[in-house]
Each structure stands twice: as structure tokens, then as C-alpha cells.
Amino acid sequence: MLAGKHIILGITGGIAAYKSATLIRLLVKKGAEVQVVITPSGKEFITPVTLSTLSGKPVISEFFTANTGEWHSHVDLGLWADAMVVAPATACTIGKMAHGIADNMLVTTYLSAKAPVFVAPAMDLDMMAHPSTTANLALLRSYGNIIIEPAAGELASHLIGKGRMEEPERIVEILEQFFSRRQPLAGKKMLITAGPTYERIDPVRFIGNFSTGKMGYALADAAAELGADVTVVSGPVSVTPRNASVKVVSVESARQMLEACEKVWPDSDIAVMCAAVADYAPLHPADSKIKREGHDIPTIELTKNPDIAATLGVGKRPDQTLVGFALETDNEEFNAQSKLKSKNLDMIVLNSLRNPQAGFATDTNQVTIFKADGTRADFPVKPKTELAFDIINTMID
Ligand code: CTP
């Protein structure tokens, strides 16, 4: 499974860095290519000579090689990798990764990495239990990173507790499992709508909603990881896909979103309508800014936007699957089931705005899924990145 895989091993300054030597040996034995990126303090714990000898590659630590001026491109490195493993990951590096504090080669590489990132924390039990560490690890999880939980045992401080870096053998096993994961969507083309739509009132104002696109982009990354060829038709958002293979078509309004979807849909096997499409748009958007002084309070006449999901549903072929979302505040289940039928969907994902951990802008969501075959599935509150896999697995089940 690991043969030929390109692995960036990020090493930080913790006692557990001694285990990195074994980790490299095991990875190389399995046929992986390992590129070590070490933080300055990591070098206090294990020497680059040991690491480069075992990996067969010069260890990268600085942005430049001092004597030649050669620049180490964290961008190229990020693209080269099939996976990045940060082991050991200290509380300091975890904090920097969580907040984008890119003051060393390891964190810049992390920010550039398009591949899945595995983080194996190693620290003293009190640091591990501190709310700051817990919050930073939650942030990394919300970015889609995989946390390899530390084990409990005797720590460098001789205290007993949780914080011991997972053994290299187990880390290799986790990587092998990851790379051997089924790709049930291989060969499938998938269209996903995401984010809000903006409907222009004038050149500076719009009607929109609070959607951030997090759920749609999490679905896109999950689907790509499961082998799908994914196109996201996205309203204005600040999120980007983590997976380099995901294509994004950016649009602004519901009409533009429909136009983009109609181009992609005939060639798609699956479409997931995750966007929060504005139902109405100003009928006569103004060409210049509507001024306040010297005018009556304007009345904005609205017109109905096209229903993108329903439009795709009308032309749906038997070999195509169409999935919708329902965001409800009242009569949730009834409304969701009605939309399932009226839009000719195969499945609908209901999220209720009554739950503060679900809905717009949160990193978590809680959903109930109804399928056209009459089955239903309820899920607990989960990070959107995890829920994305549940939604796809329910769809292909
Ligand atoms: N949808 C769409 N185009 C629209 C409105 C909704 O494609 N103009 C899709 C959404 O992406 C979602 C599903 O239809 O998958 C349901 O969206 P929702 O906003 O919950 O329902 P509406 O049909 O807009 O009905 P209402 O706002 O009255 O609840």
C-alpha cells in the first residue's frame, strides 16, 4: 500500500523525536519515499544526519540552504506529497498549524500541502489535557486532518497519563489503512453546489444568506478522496477545497449557478445540491448605487429564482442520482420529505436550524437523511468533515 507513496515526515522538538528514526525505517522498508522536514528545535532532539541517512534524502529545515542559497519550495513539497505526517507534534506546532503561524518550514509546508495530513501529538499529560490543546486539535480536525491519538503511559516527565506519541508501527498501520481505503466513487463524476448565492440589488448591495460553503466543500473533499471526479459550482465563499483534484466553478447568483449546473449535469453521475440558493432576486437591479439622500425609501420588487435542484430533477436519467439538502426551522421532517418528492430527489439531508451545533457557519452539523426508497438514517452532531463521509456512504449504500 505504501510502495511509491511520497510521505513528508514533519518532526518537531519533543523527546518522542527518537521514534522518528524507526518510523522512517519502517516507511522506507514498505517502499515509501520519505522527505523529512524538521523544526529548528526538532534538531535538538534528533540529528539530521541520522534522519537523512535513514530516508536517503537531505533533511529540510530552513527556507534556504545557507551555503548555496538554494530555496526549498514548500509549495512544490506540498504538491509532491501523497501524505504528510507530523510525528511527534508538539503543543507548540499544533497551535501554529491550527492558527497558520507559518514561521518555519514545517508549518509553511503544512499550509501548502494538498494531501491528507496526519498529526501524532506527543506532550506531557497536562499540556495534552489543556483546553488550548483540545481546541487546537479540534481546529485541525475541522480542517480535515487526521489526529493519531496519543497513548496513555509513562511520559518523559515520568508522570503517567495520556500524551505518549503513538508507536511508529501503529502509525504505519494507520497510513496503510488510509491508502487501502476503498474508492467506491472511482470513475464517477459528481457535481456539488455549495455556498450562498448573491442576488444584486445594485453594484454594491445584494440579497444573500449566511451559508459559508463548509458543508459543500467538505462533501467535495470527501467525494474526491473516495475516488470521484468532483466539480463544485460555488457561490461566493472564502473556503477552498483541500483536495487538489476538486474543480471549482465560481458563480454569484442563482441564475448563474443554474447555468453552470446545466452544463455539468448531463455528464454527471451524481449531483448534490448543498448550496443555499436565494429563492428571490431583485427584478430590476440598479446599474448605479441607490443613493440615500433625496430619495424615498426604495421598494425592491422581487422575482422568483429558478429552483436548481428541481430543474435537474426534471431531466434526471435513471442512471443519475440527485441529492438535496433541506434547512428547516419548523415541521422539519414533513418539509424534507415533501422536497424529496417535489424535486425528484433520490435522497435528502435534513439539517435543523433549531440545533445550535448544526446549520450555517458552524464546523459541526447534525443531520437526518431520508431516501426515496423510504429508509432514514439519523446521525449525531459531528464535524462536517466527518459527516461528509456519512452522507456519501448513505447515498451509495
Ligand atoms: N435549491 C435549489 N434552488 C433553489 C432553492 C433550493 O437548488 N432555488 C435546493 C437546495 O440546494 C437544497 C434544496 O433545494 O438542496 C432545498 O432547499 P431549501 O432552501 O431547503 O428549500 P426551498 O426549495 O428553497 O424551499 P423553502 O425555502 O420554502 O423551504
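This is a predicted model: local features need pLDDT of at least 70, side-chain atom pairs count only at pLDDT 80 or more; totals for chains, interfaces and linings use all residues.

Me: How are helix 1 and helix 2 oriented relative to each other?

Reply: One begins with the angle between the two axes. Helix 1 (residues 18-29) and helix 2 (residues 48-55) pack at about 10°, and their axes are 9 Å apart. Angles under 35 degrees count as roughly parallel, and helix 1 and helix 2 are therefore roughly parallel to each other. On the side of helix 1, the contact is made by Ser20, Ala21, Ile24, Arg25 and Val28, and helix 2 contributes Leu51, Leu54 and Ser55. Sorted by class, this contact has five nonpolar, two polar and one charged residues.

Me: At what angle do helix 9 and helix 13 cross?

Reply: The axes of helix 9 (residues 214-225) and helix 13 (residues 384-396) cross at roughly 60° and come within 8 Å. That angle makes helix 9 oblique to helix 13. The crossing of these two helices is right-handed. Among the residues in contact are Met215, Ala218 and Leu219 of helix 9, together with Leu387, Phe389 and Ile391 of helix 13. By class, the contact of helix 9 with helix 13 has ten nonpolar, one polar and three charged residues.

Me: Which residues of helix 4 are buried?

Reply: To judge burial, one looks at relative accessible area, where under 20% counts as buried. In helix 4 (residues 91-99), the buried residues are Thr93, Ile94, Gly95, Lys96, Met97 and Ala98. They pack against strand 3 (83-89), helix 5 (105-112), strand 4 (117-121) and helix 7 (131-142). Just after helix 4, glycine 100 has a positive phi of about 70°.

Me: Why does lysine 96 count as buried?

Reply: Lysine 96 counts as buried because its relative accessibility is 17%. Its side chain meets that of aspartate 103 in a salt bridge, at 3.0 Å from N to O. Aspartate 103, by contrast, is partly exposed, with a relative accessible area of 49%.

Me: How many salt bridges does the structure hold?

Reply: The structure holds 22 salt bridges. One of them joins glutamate 33 and lysine 57, whose closest N and O atoms are 3.0 Å apart. This pair links distant parts of the chain, 24 residues apart: glutamate 33 lies in strand 2 (residues 33-38), and lysine 57 in the loop between helix 2 and helix 3 (74-80).

Me: Which residue forms a salt bridge with glutamate 149?

Reply: The partner of glutamate 149 is arginine 141, with the closest N and O atoms 2.7 Å apart. Glutamate 149 is partly exposed at 33% relative accessible area, and arginine 141 is partly exposed at 28%. Elsewhere, salt bridges that share partners join Lys19, Arg164 and Glu167 into one network.

Conventions:
Residues are numbered from 1 along each chain as its sequence is written. Side-chain values use heavy atoms; hydrogens and water are left out. Axes are lines fitted to C-alpha atoms, for helices over the stretch in contact, and angles run from 0 to 180 degrees between N-to-C directions. Helices (H or I, at least four residues) and strands (E, at least two) are DSSP runs, numbered from the N terminus. Angles under 35 degrees count as roughly parallel, over 145 as roughly antiparallel, 65 to 115 as roughly perpendicular and the rest as oblique. Contact means heavy atoms within 4.5 Å. Ala, Val, Leu, Ile, Met, Phe, Trp, Tyr, Cys and Pro count as nonpolar, Asp, Glu, Lys and Arg as charged, and the others, Gly among them, as polar. A crossing is left-handed if the near helix is turned anticlockwise from the far one by less than a right angle, and right-handed if clockwise. Buried means under 20% relative accessible area, exposed over 50%, partly exposed in between (1.4 Å probe, protein chains only). A salt bridge is a side-chain nitrogen of Lys or Arg within 4 Å of a carboxyl oxygen of Asp or Glu.
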